[in-house]
Amino acid sequence: MLPMRPPGMDDEVSIASGGNVSHRYWNEEEILGFVGAPPQFAEPIETVRARIAETVEHVAVPHKVRNWHPTIDRLLKEDEKRREKQVTDPYPMSWDKPVFDTPFERRRLRVLNSLFFAVARMNGKPSVHGREGREIRISFFQQHLCLTLDRPKRSNRHAQVLNTTGQSSDTRLCLRILSGFGSETVLAFWQDEDSQKLEMHMTDIAIQVILTSEIQYRENALRQYQWRVQRKAELEEEQRKRKLEAERAEKERQKRIEQARINRLLRDAAAFQQAGEIRKYVEVIRLAMARDSSSSMDEVEQWSKWALAQADRIDPAIGGRFLKAVQDEDAS
């Protein structure tokens, strides 16, 4: 039996894809290729959840932490540097005060610590950014989740009451999974209740975080398939319109060529008639001048040659110029 795909992992391995297959670049030839059926997922999502639960087992949040996750340990070491600076600096700044000394902040770190170790059992790679550690991300292969762990958000009507230290008196915690970085769309959330603290939900939270990466992967796969189907239809429609436009343009070109031929034919016919009229005229003049001795025959001959040359110049029949005109129009 083949091993099951880890949650959030792509079915296909893409070499040098930039790390995120859902945003890979498709050229036009690839998009217009065979699309196939929508993506199918052999393992039902309920089965994935059960597999995650079996791996995660129970997630506890001990009050006394013996082993900090490297991500949390980094925050604590940065805090320790701030604490040392407060002691040694003759003019300490409030900005340099330790961030995680309050019971509320230490509790935040303990919750995150347990969550990070739990998701690591199924390839979750957490990271925390910002001085106060408020930007929480967990990556499962190409899927990246954004989390927040802080006081619950309240409306203006229920504004938090500040104590004398400037800190909110509300020490409740709320953990949210967001739909993306900077998004306000909440996919799931848990918070302290009067009857039950957030720590009691940690197993469910860890399972849901890991499962969300799989759900996100499947949604991205379906979304990309739908995008490709739609984009292929758009490109095919664009090609159809281009073909129709090319056919229309070709018909217009052929129409212009045919009209140009007709116009040239009429001009050639008129020129042929004019050339014949010139030759007839020259012949009549010659006969008339032969009977009239008042004009010099040399002058008449010189004029006749010039006139006949003009007739030859405009006569399309000379040298098959009427055919050359058609050939030139075909070439154009």
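Where is the place of phenylalanine 141? Phenylalanine 141 sits in the loop between E2 and E3; helices (H or I, at least four residues) and strands (E, at least two) are DSSP runs, numbered from the N terminus.

This is a predicted model, in which local features need pLDDT of at least 70, side-chain atom pairs count only at pLDDT 80 or more, and totals for chains, interfaces and linings use all residues. Residues are numbered from 1 along each chain as its sequence is written, and side-chain values use heavy atoms, with hydrogens and water left out.

1. Backbone. Most residues other than glycine have a negative phi. Phenylalanine 141 has a positive phi of about 60° although it is not a glycine. With a relative accessibility of 32%, phenylalanine 141 counts as partly exposed; the classes are buried, under 20% relative accessible area, exposed, over 50%, and partly exposed in between (1.4 Å probe, protein chains only). Glutamate 57, not a glycine either, also has a positive phi of about 60°. Glutamate 57 is in the loop between H2 and H3 and is exposed, its relative accessible area being 57%.

2. Nonpolar core. The largest nonpolar core has 41 residues, of which Leu115, Leu147 and Val209 touch the most other members. Such a core is a set of buried Ala, Val, Leu, Ile, Met, Phe, Trp, Tyr and Cys residues joined through side-chain atoms within 4.5 Å. At least two residues each come from helix H2 (45-56), H3, H4, strand E2 (135-140), strand E3 (143-150), strand E4 (174-178), E5 and H5. H4 gives the most, with eight residues. Leaving aside residues up to four places away in sequence, valine 209 touches Leu115, Val119, Ile138, Phe140, Leu145, Leu147 and Ile177; contact means heavy atoms within 4.5 Å.

3. Salt bridges. The whole structure holds 27 salt bridges, each defined as a side-chain nitrogen of Lys or Arg within 4 Å of a carboxyl oxygen of Asp or Glu. One of them joins glutamate 199 and arginine 107 (2.7 Å, N to O). Glutamate 199 lies in the loop between strand E5 (186-191) and H5, and arginine 107 in helix H4 (residues 103-120), so the pair ties together parts that are 92 residues apart in sequence. Glutamate 199 is buried at 19% relative accessible area, and arginine 107 is buried at 11%.

4. Further pairs. Arginine 82 and aspartate 79 form a salt bridge (3.0 Å, N to O). Both are buried, and both lie in helix H3 (residues 70-88), three residues apart, about one turn of the helix. Arginine 231 pairs with glutamate 238, the closest N and O atoms being 3.7 Å apart. Arginine 231 is partly exposed at 26% relative accessibility, as is glutamate 238 at 34%. Elsewhere, salt bridges that share partners join Asp79, Glu80, Arg82, Arg83 and Asp101 into one network.

5. Helix packing. Helix H5 (residues 202-291) and helix H6 (residues 297-314) pack at an angle of about 170°, with their axes 8 Å apart. Axes are lines fitted to C-alpha atoms, for helices over the stretch in contact, and angles run from 0 to 180 degrees between N-to-C directions. H5 and H6 are therefore roughly antiparallel to each other, a label for angles over 145 degrees. Contact residues include Ala271, Tyr281 and Met289 of H5 and Met297, Trp303 and Ile314 of H6. The contact divides into 15 nonpolar, two polar and four charged residues. Here Ala, Val, Leu, Ile, Met, Phe, Trp, Tyr, Cys and Pro count as nonpolar, Asp, Glu, Lys and Arg as charged, and the others, Gly among them, as polar.

Key. Angles under 35 degrees count as roughly parallel, over 145 as roughly antiparallel, 65 to 115 as roughly perpendicular and the rest as oblique.
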